[in-house]
Amino acid sequence: MADQATGETTDARAIRGDASECLSAPGEVALRAIKATAGYGGRAAVREVSIDVRRGELLAIVGPNGAGKSTLLRVLSGALTPWSGTVEMAGRPLGDYDRRAIARRMATVAQENPIAFRFTVMEVVLMGRAPHLGAWRFESARDLAIAREALDHFDLAPLAGRAIQELSGGERKRVFLARALAQRPEIALLDEPSAFLDMRHVAEIFGRFRELAERERIAVAATMHDLNAAALYADRVLLMKNGAAAGYGRPEEALTAERLSAVYDTEVYVGRNPATGALAILPIDAARRSRINNPRD
Amino acid sequence: MSGAASRQTRRSEGAGESGVSVHPEASAHDYLTPARVAAALAILGAILAATMLAALACGSAHLSLVTAMRDAASPDRAILMGVRMPRVMMGAAVGAALAVVGAALQALVRNPLAEGGILGISGGGAFGAVLAMILFSRFAGVDAIVPAAAFGAALFSTFAVYRLAQVDGRLEPLTLLLIGVIFNAFWGAAIMLINSVVNFYFTHSILFWLMGSFEAPTWREVAIVAALGLGGFAILMGRARDLNLLSLGDEEATHLGVEVDPLRRTVFVVTSVMIGAAVSVSGIITFVGLIVPHVLRSMLGPDHRLLLPAALLGGAAFTVAADLIARIAIAPAELPVGAITALCGGPFFIYVLRQEGRRAAVL
């Protein structure tokens, strides 16, 4: 983004300075987890996961319920400190940055988006500008323009004056994605961005983020349940099971029938969509058969 | 009020069918602008000025403001400057502090029902003040010890209620309110206990803490409360945008650059100082911090850059008006102002609780 640095303080630019050269190269690593292990209480939810989130690409994190997808995202965002291993942003440990410096470069959209008071859609999207603004400053014309552009990106302009509580689940989700966009991040971490969305909006949202990844060189990491969406939109996929990586690479490498069957404990068919040639993943209805053959299931 | 009107307008505009693009002028109401802040604060400032003028002019003794202004030796002047003016100023200062504290605490716990009185913070402050007053009654520095004790006990109460309301690191709104209610009852009982063992001389002052009153404050007390109130307000204003972000939850606020724990500590300490100052001079005055921010939020929107200064002016006006009613309702006798605010506040609290319950049920 050409105008990205203008709203920032000099120290933010200084932090970026040493990394900006390598970041401009294609596919350079924006965020990296190295053997990260983390969890809640005494139970590890993520075990020794190492991944790169690269600029200009969309990384999908998939796996069954409880595989540790959201926890991994929380580790990447700095919300959860790993017990062991590290997370690096632009080559530096995440702990070296203060929260504002992180917020200027990384946007996170949680799975659920509660909000306490009746803020309008526009107000929520403008919150994305907060890391770039001083405590006493009102949003400038440029901040407003960025927020409007983000609203337009997700077809939210007609809802700008509505209270967030009046929206449907899908509309609300799009508002929070627009807020992340208004943050003008280098890295976007999205937890289940396609939850609550219908097919058209799923396609649109992943399409938008793909486009942003390519055009603005944003590094996007998103957890998702829909394996076909992952195969369709992601450049690379991390397949998780029980907190550990079970497959990592381009969709056709990571999402093989063999791996998926093992990870999901169910027979999976992986083929090609005859219309587009894209990867098509379907469950095989083997549940009944396996129950007869294997009573322990 | 025009603020209310514009808020209504933008809601109804937004409620129109989607697909119709918003008119460029209309979009100026979708977010807080400096012009909207100025307009709303000017109106509230005018309301406050009118209320204070009325409170100065009315009372059990007949008084002419004109005579008081013209003739420095007149009894009118003596009543105005010696009795009514400090009382009105004290009402304004305490009301402003309580309403700002209410708005800040509501942001902090993401619940419109939070308030110093309901959360037991005022009760803690009153207990501290009463205890200090009795223990240190023979010391010369008792005037300074009482507010400090009120602040210390208020701070303790805040932290205790907040800690106890956290379940697995999450703040449960209902648990918070229940624990606040329990603390309130506990402090009330503790004060009654002291009341039953001390001599008659203290009994009146203890009742005064329990009911809340602006009776006969000194100018020095007024100055202390006003200074602490304004200082606290200025600190909170510096965090107004962070308080907005906190509405999204601790983790989301963190992702938007807020250092949540330092923010929370700041708000706790500042609000405890403000409540401690208010309680040490006027006892427990409940519900101001609930009613004023709630009404203003529904009229002006939830942005704390406007809500906090609006609560400052609105809280002052509301409390001065309540005190005026307390003075003239059964003149020449007086009602405790805390009873007036509680009489308005009780039904209002139930109303808000039911509204919140309905909203929670929908979500």
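Which residue stands opposite A:Gly271 in strand 12 of chain A? A:Ala280 does.

Some ground rules. This is a predicted model, where local features need pLDDT of at least 70, side-chain atom pairs count only at pLDDT 80 or more, and totals for chains, interfaces and linings use all residues. Residues are numbered from 1 along each chain as its sequence is written, chains are lettered from A and ligands numbered from 1 in the order written, and side-chain values use heavy atoms, without hydrogens and water.

Back to chain A. Strand 11 (residues 268-272) and strand 12 (residues 279-283) run antiparallel, joined by five bridges. Strands are DSSP E runs of at least two residues, helices are H or I runs of at least four, and both are numbered from the N terminus. Two strands pair if DSSP finds at least two bridges between them. Six residues lie between the strands of this hairpin, and A:Gly277 takes a positive phi near 80°.

Now chain B. B:Leu131 is found in helix 5 (residues 121-135). Is B:Leu131 buried, partly exposed or exposed? B:Leu131 counts as partly exposed because its relative accessibility is 32%. Buried means under 20% relative accessible area, exposed means over 50%, and partly exposed is in between, with a 1.4 Å probe and protein chains only.

Last, the second largest pocket. Helix 8 of chain B gives the most to its lining, with six residues. A pocket is found on a 1 Å grid over the protein atoms alone: an open set of points with protein on both sides within 12 Å along at least five of seven lines, where lining residues have an atom within 4 Å of a point.
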